[in-house]
Amino acid sequence: MFLNTLTPKFYVALTGTSSLISGLILIFEWWYFRKYGTSFIEQVSVSHLRPLLGGVDNTSPSNSNTSNGDTDSSRQSVSECKVWRNPLNLFRGAEYNRYTWVTGREPLTYYDMNLSAQDHQTFFTCDSDHLRPADAIMQKAWRERNPQARVSAAHEALELEDCATAYILLAEEEATTIVEAEKLFKQALKAGEGCYRRSQQLQHHGTQYEAQHRRDTNVLVYIKRRLAMCSRKLGRTREAVKMMRDLCVFQLMKEFPLLSMFNIHENLLESLLELQAYADVQAVLAKYDDISLPKSATICYTAALLKARGVSDKFSPEAASRRGLSTAEMNAVEAIHRAVEFNPHVPKYLLEMKSLILPPEHILKRGDSEAIAYAFFHLQHWKRVEGALNLLHCTWEGTFRMIPYPLEKGHLFYPYPICTETADRELLPTVFHEVSVYPKKELPFFILFTAGLCSFTAMLALLTHQFPELMGVFAKAFLSTLFAPLNFIMEKVESILPSSLWHQLTRI
């Protein structure tokens, strides 16, 4: 009787309301997933409902070993998510600003530039700067946010004396061409060498003089490195290689630990690849591709390129599938798999499946920012080796079959850190660049479920509105079929129980 009294309008209202509610849930779930990377319903279920239903307490003593392992892996993840200075970073005035003038886009994020300001204060200042007026001015200049104020402070410092750090600032930010930047760096070199010689004689007279000598060493190495990069950009590659080799000696000295942050050997590798001096590249890799030293995309992918160079010109996937891989081809494929495991974002840039942008001033190892910085400078070297990109294209995806759960377990390296996406979004201009994410996040079940529910109920509401009588018949038939087992059970119960008892039960 109740079903017969329901009108088609009721079914339209019911299905429409269901569709609206499930649609709102879907929108909220999608927003929460995009922002936090997890499903809100799943998170609430695991965090609140599971303990109420008697779920296992993760803090029990039986899980102490697992907790220790998680702690160790989290510590490793934090160390791997450290942001490093890009050893091949471009010149802000001659390259980044020119890009802004042409396109109207800002290639550097505020977070990236703020890290550079902190680096400059670490490299170019010390506690005794107040003793020299020009250095005192530059100490304030490196903290200044406004580019014009920094440039004006550098000019003010140069009016007092020849200040190496003032020339550095002008070369980095005011020079509009590499030629102008090189001239300013040569003036900075002259001033920096004088300061270095004076502080070298006084470095053992006290901690203040020692700090000043350390600062002058950082300034001198920075100037020489940027001069070498100017030579490389202006086509004087052999000159650049000679300067970089000399700087690598400084980098290995234990007295100056900050110099290791420059990673000058990566500049040297890129310049040697430009000269096609592959034997020299192999010699540099033998020194720096060591288990005790931190890896980078430059080291791993350069090693893969050298292995691929020996077999790529004759490599054919059809022939390899018929006869199998030779020893040299197997070594090349393993080197590619090793490189892809370290940084899985690089191949899409090398194979031009994803567009490149200007590299940031800081990179996150194993992240998208490092992949952009590597591919920006090394794509030409891969193209120069015949068949290398073809070999990469045929083999790089095989890496993921060896590490199906990269966040939990690695093959040759530690598990892939979870924090790379967040850090890369801070370093890269997400306005015109889509940050590469690995591994790809699968849509949670509840998003798919609510999407299906919303679509199904919306379709029912539309059909009920268009064909009310027919859908009313279908609804009554469906509900009758749904309640048929219950009606059958009720009839059996009525036939078994006495009528008086059943009457009393219904009254209760």
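Tutor: Glu352 lies in the loop between α18 (346–350) and β2 (362–364). Helices (H or I, at least four residues) and strands (E, at least two) are DSSP runs, numbered from the N terminus. This is a predicted model: local features need pLDDT of at least 70, side-chain atom pairs count only at pLDDT 80 or more, and totals for chains, interfaces and linings use all residues. Residues are numbered from 1 along each chain as its sequence is written, and side-chain values use heavy atoms, with hydrogens and water left out.

Now the backbone. Phi of Glu352 is near 55°, a positive value in a residue other than glycine. Glu352 is exposed, with a relative accessible area of 51%. The cut-offs are these: buried is under 20% relative accessible area, exposed is over 50%, and partly exposed is in between (1.4 Å probe, protein chains only).

Past β2 comes another loop, which runs to α19 (368–384) and holds Arg366. Arg366 is not a glycine either, yet its phi is positive, about 75°. Its setting is buried, at a relative accessible area of 3%.

Next, Lys365. Its charged end sits over the ring of Trp84, 4.0 Å from the ring centre. Arg226 does likewise with Phe91, lying over the ring face at 4.1 Å from the centre. The test for a charge over a ring is that NZ of Lys or CZ of Arg is within 6 Å of the ring centre and within 35 degrees of the ring normal.

In soluble globular proteins, nonpolar side chains tend to be buried together.

Take Ile168. Beyond its neighbours within four places in sequence, it is in contact (heavy atoms within 4.5 Å) with Phe124, Trp142, Phe185, Ala188, Val219, Tyr222 and Ile223. Ring pairs also link Phe124, Trp142 and Tyr222 with Phe123 into a cluster.

Rings of Phe, Tyr and Trp (its six-membered ring) pair if their centres lie within 6.5 Å; planes under 30 degrees apart are stacked, over 60 edge-to-face, and the rest tilted. The whole structure holds 10 aromatic pairs. One of them is Trp396 with Phe400, edge-to-face, at 5.8 Å centre to centre and 85° between the planes. Trp396 is buried, at 5% relative accessible area. Phe400 is partly exposed, at 27%.

Finally, the whole chain. It has 25 helices and 2 strands. Buried residues make up 44% of its 508 residues. Among contacts between residues at least 6 apart in sequence, 70% join residues at least 24 apart. The accessible surface comes to about 28300 Å², with 59% belonging to carbon and sulfur atoms. Such areas come from the Shrake-Rupley method with a 1.4 Å probe; for residues, only the protein chains shown count as cover.
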